Amino acid sequence: MRYLTSPLVYPHVVGLLIGTVFFAFSLTPSLLPRPILIQGILSGLSFSAGYGAGSVLIWLWSYLQLPSLHLRWARTIQLVASALCLIFVLHFARQAAEWQNALRGMMELELLTDSQPFFLGLIVALVFLLMLALARLFKWTLHLLALRWQHYVPPRVSYLTSLFVVLLLFWSVIDGVLINGLMRTANNSFKQLDALIDDHLPRPSAAYQTGSHASLINWEELGRQGRRFVAGGPGEAGLRAFFDQETAAPVRVYVGLASAETPQQRAELALQELKRSGGFERSLLLLITPTGTGWIDASSIDTLEYLHRGDVASVAVQYSYLNSPLTMMTNQAYGEETARAVFSRIYGYWRTLPRETRPRLYLSGISLGSLNSDRSFDLFDIIDDPFHGALWAGPPFRSNTWRRVTAQRDEGSPAWLPSFRGGSVVRFMNQEQGWDHAPEDWGSFRLLYLQYASDPVTFFSPGSAWTEPDWMKAPRGPDVSPDLRWFPLVTMLQLGADTMFGIAPKGFGHEYAPEHYIDAWLGLTEPEGWDEDSISRLKSFFQAQQSP
């Protein structure tokens, strides 16, 4: 009887079967719709991972010298498996379009066209061929090195030692050359982008404004996001037009990376500029921690300034040129260091002011900004004189307080909208349930999380590679697809792709809508003079601004 002793005739059949299953899983919906390019890359990587797993299994079978199939049976199985895989792929490719369009329809996005499956298949094929070429290069290098070492050690020892050497070599090239090179290029690109000055942005002219001729901070050193922040907002004119009466002028202070050398120097500069501009004379002081690029969500600060009729001062300090995902991978500690320096300096001065006249102090941040804002202080630093509260929107899964509170949530509350100790200190809200659904009274120190159940930045977790997350269990969030299913490894890749490239309109995913910020600030800061009609008018005003 002839047996197939070479693994080269049918290992790809097992790899093809497992790869097809992984490919099908990758097409199932996750939290957000994905662009066709990202879906193709994700599916290509998933298919490659399954194919690789199948090849490893066949290699292990051969290495253990277990019996193999007869050549005739192997060819028959190969044909049958190929046909089954083709049917499987065609079915899921058609189903994937329906899943994506259902998700897009729920979020009122443009539906996919009939040509999308063709482009998806092309991208998957290109990604698989690239990964296959890298795998072949790895195998060729391993074999070549092992042959040279067989002159000095036994064959199996040579292959084992060669495996470790080649793994180290490839990782050094990927991490030391490719990744570091890309990071340096990205940092330089973002730095140049940060330095660009938008011609349509007017340089502040009032003496109290940051970036004006009287300011301690140069307009050119504010950075792109800083200039947008200090030049944006409703200002006196916008507030006067909305309320039809005179209001206070909001104070906005921003310190860019180029404004000083160290986080401590930038924190001191922020304090001095805040004092110079009269920020401590406002009724409410907001300490904003921006995202990686220095970006501040305009919806958050604009709504607060309207609710308090301009009697607000806000301050922020930039800590990176890179966007949030790249910042988290490269210089996360620098963002935390900056946030702590800014909080320590401004809070330290604030607590020296008379309690009856100093402004109420709040913290805020979205995404990476909320994480660094959370890490900017220790409870022991503020326990004898706490600030008033914080609004953290879209907290990343690595936020320590968020993780602890979610894990210790009250029994019966879902992971996507927890209740914690009756809501006496910490509360959660989303687009459908506000901050006021809590059995306990909200104390004077208040923490509020604004999060959508469809936000992958909040609900991504490496643990989803091997464990189904609690937020996927019933009942699910109102903006989460009922077709979403958990699959080992693939779900983590899907959520990772959603985090980096997912698309969503305002009110879904990581795009927080002004009307929900309004509800959040109303509960957190309790501004005076607002009834249901005036709140509805303010929400309509912001919704009109978002309309094309």
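From strand β1, V251, V253 and V255 point one way and R252 and Y254 the other, and all are buried; buried means under 20% relative accessible area, exposed over 50%, and partly exposed in between, with a 1.4 Å probe and protein chains only. β1 spans residues 251-255 and is mostly covered, as five of its five residues are buried. Helices and strands here are DSSP runs (H or I of at least four residues for helices, E of at least two for strands), numbered from the N terminus. The model is a predicted one, in which local features need pLDDT of at least 70 and side-chain atom pairs count only at pLDDT 80 or more, whereas totals for chains, interfaces and linings use all residues. Residues are numbered from 1 along each chain as its sequence is written, and side-chain values use heavy atoms, with hydrogens and water left out.

Strands of a sheet pair through backbone hydrogen bonds, either parallel or antiparallel. β1 is joined by five bridges to strand β3 (residues 312-317), and the two run parallel. Within this pair, V317 of β3 is the bridge partner of V255. Two strands are taken to pair if DSSP finds at least two bridges between them. The open sheet consists of seven strands in the order β1-β3-β2-β4-β5-β7-β6, with parallel pairing. β1 and β6 (426-429) stand at the edges with a single partner strand each, so one side of each has no neighbour in the sheet. From one strand to the next, the twist averages 15°. Another pair in the sheet is formed by strand β5 (residues 389-393) and strand β7 (residues 446-450), which run parallel and are joined by five bridges. There, L391 stands opposite L448 in β7.

Helices also pack on this sheet. Helix α8 (residues 263-276) touches β1, β2 (284-289) and β3, and its direction makes about 160° with that of β1. Helix α14 (residues 400-407) touches β6 and β7, and its direction makes about 90° with that of β6. Contact means heavy atoms within 4.5 Å. Axes are lines fitted to C-alpha atoms, for helices over the stretch in contact, and angles run from 0 to 180 degrees between N-to-C directions.

Helix α17 (residues 514-525) packs with helix α18 (residues 532-546) at an angle of about 150°, the axes being 9 Å apart. The two are therefore roughly antiparallel; angles under 35 degrees count as roughly parallel, over 145 as roughly antiparallel, 65 to 115 as roughly perpendicular and the rest as oblique. Their crossing is right-handed, where a crossing is right-handed if the near helix is turned clockwise from the far one by less than a right angle, and left-handed if anticlockwise. On the α17 side the contact is made by P514, E515, I518, D519 and L522, and on the α18 side by I535, L538, K539, F542, Q543 and Q546.

α9 and α17 pack at an angle of about 55°, with axes 9 Å apart, and are therefore oblique to each other. In this contact, S299, S300, T303, L304 and L307 of α9 meet P514, Y517, I518, W521, L522 and T525 of α17. Helix α9 (residues 298-307) also packs with α18, at an angle of about 145° and with axes 12 Å apart. That contact involves D302, T303, Y306 and L307 of α9 together with L538, F541 and F542 of α18.

A474 is located in the loop between α15 (456-459) and α16 (490-501), and the peptide bond from A474 to P475 is cis, with omega near -5°. A474 counts as exposed, at 76% relative accessibility. Although 60 residues separate A474 and P414 in sequence, they are 8.3 Å apart in space, C-alpha to C-alpha. The loop between α15 and α16 also holds L489, which has a positive phi of about 65° although it is not a glycine. L489 is partly exposed, with a relative accessible area of 32%. In the loop between α7 (235-243) and β1 lies D244, whose phi is near 60°, a positive value in a residue other than glycine. D244 is exposed, with a relative accessible area of 69%.
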